[in-house]
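Hello,

Here is the structure I promised to pass on to you. Have a look at it first, and then read on for what turned up.

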Amino acid sequence: MQNISKTPLYGRDLFEYMSNFKYILNSHADFDINFAVNYRVFESLSLGCLLFTDINKKVSEYFRDEEHLITYSSVQDLFEKINYFKKNEKKAAEISKNGYQLIQNKHTTLIRLKEFKKILNIN
């Protein structure tokens, strides 16, 4: 059996690799599907990629389907949506730009740092 996995990438190497793609596919683990937003969502959107992610209640609290990212409900639904956006690149670019802007406006490290300082009552 051939090993199809590559050596894992982390940090800057991961971001540089991901930045080579227009589309990113994400799937949450079964144990956290409606309780968490995994890092891949934030990483992908921060790079300006069009993200396809599984339907997740927690993701829906922060991002709007077909405005910031694309959600899919099944493998067939995913294939249909990928094919649609490959044919409608202007719409894909608009959604990825919206996702990127949302990250820049609400989810940067600087914003998180300010929130933590407020929680800890640090000026």
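K58 is partly exposed, at a relative accessible area of 24%, where buried means under 20%, exposed over 50% and partly exposed in between, with a 1.4 Å probe and protein chains only. K58 forms a salt bridge with E61, and their closest N and O atoms are 3.3 Å apart; the term stands for a side-chain nitrogen of Lys or Arg within 4 Å of a carboxyl oxygen of Asp or Glu. E61 counts as exposed, at 56% relative accessibility. Helices here are DSSP runs of H or I with at least four residues, strands are runs of E with at least two, and both are numbered from the N terminus.

Before going further, please keep in mind that this is a predicted model: local features need pLDDT of at least 70 and side-chain atom pairs count only at pLDDT 80 or more, while totals for chains, interfaces and linings use all residues. Residues are numbered from 1 along each chain as its sequence is written, and side-chain values use heavy atoms, with hydrogens and water left out.

Back to the charges. The count of salt bridges comes to 7. Another one joins R64 and E67, with 3.2 Å between the closest N and O atoms. R64 is exposed at 51% relative accessibility, whereas E67 is partly exposed at 30%. Then there is D77 with K81, at 3.4 Å between the closest N and O atoms. Both belong to helix 4 (residues 75–87) and lie 4 residues apart, about one turn of the helix.

Now the interior. In soluble globular proteins, nonpolar side chains tend to be buried together. The largest nonpolar core has 13 residues, of which V41, L45, L51, V59, F63 and L69 touch the most other members. Helix 1 (11–18), helix 2 (39–46) and helix 5 (89–106) are the elements that give two or more residues to this core. A core here is a set of buried Ala, Val, Leu, Ile, Met, Phe, Trp, Tyr and Cys residues joined through side-chain atoms within 4.5 Å. A second, separate core of 8 residues includes L50, F52, I70 and A92. If you click on V41, you will find that V41 touches N26, H28, L51, T53, V59, F63 and L69, leaving aside residues up to four places away in sequence; contact means heavy atoms within 4.5 Å.

On the surface, F116, I119, L120 and I122 make up a nonpolar patch with about 460 Å² of accessible area together. I122 lies in the segment after helix 6 (109–119) and is partly exposed, at 46% relative accessibility. Such patches take residues with over 30% relative accessible area and no salt bridge, joining like charges within 9 Å and nonpolar side chains (Val, Leu, Ile, Met, Phe, Trp, Tyr) within 5 Å.

Finally, the overall picture. The chain has 6 helices and 3 strands, in the order α-β-α-β-α-β-α-α-α along the sequence. Of its 123 residues, 31% are buried. The accessible surface comes to about 9100 Å², with 54% belonging to carbon and sulfur atoms; areas come from the Shrake-Rupley method with a 1.4 Å probe, and for residues only the protein chains shown count as cover.

Best wishes
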